[in-house]
Structures are given as C-alpha cells and as structure tokens.
Amino acid sequence: MNATPQADDCLFCKIIAGEIPSDLVAENERAVAFRDINPAAPVHVLVVPKRHEPNIAALAAASPEDLSALFALVAEVVQQEGVAEHHRLLFNTGADAGQTIFHAHGHVLGGTTFTER
Ligand code: 5GP
Ligand code: ZN
C-alpha cells in the first residue's frame, strides 16, 4: 500500500509528485507548503497534506497524524514568513464555500491588515 495515497487528475497530487512546478516554501514528511499562484495577500501560502483527501474533515477522519503534521507545517510557515503574530488560516470545503481544488489544503494569508470577516 502507498503510504501517501494520491489521486489521478489531481493538480495538488501532481505538484506534490513534482510533475507540476511550484514555489515551495517548506516541507515535512507528510505535508508541503507552496505559494498560491494567484495570491490574495502579500503572504499567501497553501499548506497541503501529501495524502490525497478531498477536504480537511476527511483528512482528520482518515489520518490524525497527517492532520497534525499539516498544522506543524503551518507553524513553521508562519514563522518563516514573518507572520506568526498576524495571519489567517482558511480551509474551504465544498464548491459553494469556494473550494476549487478537491485535495485538502489550508490557505495561510498574511502580510496585510484584514478588515472583513
Ligand atoms: P481553493 O479555492 O480550492 O480553496 O484554493 C485553491 C487555490 O489554489 C486557489 O487560491 C488558487 O489560486 C490556487 N491554485 C490553483 N492552481 C494552482 C497552481 O497550479 N499552482 C499553485 N501554486 N496554486 C494554484
Ligand atoms: Zn490530490
């Protein structure tokens, strides 16, 4: 069995496999962080589990270890990017919530002042 299940035709699985280039920010055994191609803030990093699950709740159900590693990487990224004290962490689930890539990922947003909720 593959330790980090991947899905065919998944953009983030292809980025994780190195088949599509990305601007890598940090990585651990179970997760990768790379810059969003269309940044919504001066710091906009996607934190992505290597395991393919469609959303964050599915990841939590399937593998607490992967969930934990994802948040450990978030902590590393916000330190590295200088936004540890001021950032947003956003997980979209479902198309109606704005999810466009159905491989779980968190958005780390920072480097600006957020006024909207
Ligand atoms: P979602 O809308 O699913 O929460 O977030 C998907 C994010 O992936 C979007 O912010 C979008 O800009 C980003 N994205 C889409 N395609 C690519 C790509 O090929 N490379 C990178 N680095 N980000 C991408
Ligand atoms: Zn995937």
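Mentor: Ala, Val, Leu, Ile, Met, Phe, Trp, Tyr, Cys and Pro count as nonpolar, Asp, Glu, Lys and Arg as charged, and the others, Gly among them, as polar. This is a predicted model, in which local features need pLDDT of at least 70 and side-chain atom pairs count only at pLDDT 80 or more, while totals for chains, interfaces and linings use all residues. Residues are numbered from 1 along each chain as its sequence is written, chains are lettered from A and ligands numbered from 1 in written order, and side-chain values use heavy atoms, without hydrogens and water.

Trainee: How is a pocket to be read, and what volume does the largest pocket have?

Mentor: Rolling a probe the size of a water molecule over the atoms shows where empty space is left. On a 1 Å grid over the protein atoms alone, a pocket is an open set of points where a 1.4 Å probe fits, with protein on both sides within 12 Å along at least five of seven lines; lining residues have an atom within 4 Å of a point. A volume is the space filled by probe spheres set on the points, which are joined across faces, edges and corners. Here, the largest pocket holds about 320 Å³.

Trainee: Which residues line the largest pocket?

Mentor: There are 19, and Phe12, Phe34, Asp36, Ile37 and Leu46 lie nearest its centre. Both α1 (11–16) and β2 (31–35) give two or more residues to this lining; helices (H or I, at least four residues) and strands (E, at least two) are DSSP runs numbered from the N terminus. The largest share, three residues, is from α1. By class, the lining has nine nonpolar, seven polar and three charged residues.

Trainee: Where does ligand 1 sit?

Mentor: A molecule sits in a pocket if more than half of its atoms lie within 2 Å of the pocket's grid points. Ligand 1 sits in the largest pocket. Around it are 16 residues (each with a heavy atom within 4 Å), of which Arg35, Asp36, Gly98, Thr100 and His107 come nearest. In this shell, α1 again gives the most, with three residues.

Trainee: Which side chain has a polar atom 2.8 Å from an oxygen atom of ligand 1?

Mentor: A polar contact is a pair of N or O atoms within 3.5 Å. The side chain is that of His107. An N or O atom in the side chain of Asn92 lies 2.9 Å from an oxygen atom of the ligand, and for a backbone N or O atom of Ile101 the distance is 3.0 Å.

Note on methods:
A polar contact is a pair of N or O atoms within 3.5 Å; within protein, one must be able to donate a hydrogen and the other to accept it, and residues adjacent in sequence count only if both atoms are side-chain atoms.
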